[in-house]
Amino acid sequence: MQKRTVLITGSTSGIGLAIAKAFAQEGYNLIFNGLETDGAQTAAAVAEEYQIAHLFDPANMLHPEALRTLVMRAEQRFGCIDILINNAGIQHVSPIEDFPEEKWDAILGVNLSSAFHLTKAVWPAMKQQRFGRIITIASAHGLVASEFKSAYVAAKHGVVGFTKTIALEGAPYGITANAICPGYVRTALVDKQLADQAATHHLSEDEVAEKVLLAKQAIKQFIPTESIAAMCLFLATEKAATLTGAALSIDGGWSAQ
Ligand code: NAD
């Protein structure tokens, strides 16, 4: 079978990078994206290690035109994006009365609207070939809330709703859409929260991890990035052809409560 092509947003760091490595190991063509200044080198190193074809494009998720150009470049090079993984995401933690308007707009833009713009751009080619996979890294916060995360919780709930709609629209064309809802994963995004909360609460970072972040997870461990990557790999296969419209929790039992 011809090699499939996967576009992963925010794939030069954290969860996205782990997903990229898992797909590289299986020989997929990869389109990397992210704002890290060494993103091009990170992408090239993964491609070199696994001997795969790749593109790196630092398109900003806040700029719809850049996203359309990214898809056009990728399609010119690889024909079709078979699997889109909407992973790029940002966070800001603040009580509602102090929540900066520009942070609200940015979180909705990166975590929710970029999934719409990219899905719309990859859709025609997926529909034509009657195969496609739209996978979005939502969050446990796509299903339940925590205080002080109004924009993030709204965006992640929004992307779960968007996923359900796309699953219905894609069903006649072999396109599936699913959201993965992880609990806390130890990445740059969470390291910042650990540092901020340690300073606010006068606790050590280990205490914040145990008493604040992992308080709601029945399994008191951070979720390994490899678990999320393995779920993405499965969703990309033919075996997952009837798994669609789901919000798949990998949250150590958090949302079971
Ligand atoms: P991370 O900060 O390590 O990676 C985020 C990636 O998104 C980076 O590559 C960054 O450059 C990219 N990005 C951010 N803003 C962008 C923009 N405007 N344009 C293009 N790229 C942009 O964080 P992570 O923890 O790996 O997060 C990945 C996804 O997983 C996010 O959607 C996040 O909400 C979600 N998630 C994370 C956790 C967690 O505990 N870390 C839990 C559940 C869900």
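The largest pocket of this predicted model has a volume of about 1,100 Å³. A pocket is an open set of points, on a 1 Å grid over the protein atoms alone, where a 1.4 Å probe fits, with protein on both sides within 12 Å along at least five of seven lines; lining residues have an atom within 4 Å of a point. Its volume is the space filled by probe spheres set on the points, which are joined across faces, edges and corners.

Of the 46 residues lining the largest pocket, Ala88, Gly89, Ile90, Gln91 and Leu189 are the closest to its centre. Two or more lining residues come from each of helices H1 (14-25), H4 (101-129), H5 (150-170) and H6 (188-201), helices being DSSP runs of H or I of at least four residues, numbered from the N terminus. H6 gives the most, with 9 residues. The lining comprises 21 nonpolar, 19 polar and 6 charged residues (nonpolar: Ala, Val, Leu, Ile, Met, Phe, Trp, Tyr, Cys and Pro; charged: Asp, Glu, Lys and Arg; polar: the others, Gly among them). Because domain 1 (5-183 + 224-249) and domain 2 (184-222) both contribute lining residues, the largest pocket lies between them; the domain bounds come from an automatic or database assignment.

The second largest pocket, of about 270 Å³, is lined by 13 residues, with Ser146, Glu147, Phe148, Gln197 and Val212 nearest its centre. H6 and helix H7 (205-213) each supply at least two of the lining residues, and each of the two domains supplies at least three. The lining has 7 nonpolar, 3 polar and 3 charged residues.

Residues are numbered from 1 along each chain as its sequence is written, and side-chain values use heavy atoms, without hydrogens and water. In this predicted model, local features need pLDDT of at least 70 and side-chain atom pairs count only at pLDDT 80 or more, whereas totals for chains, interfaces and linings use all residues.
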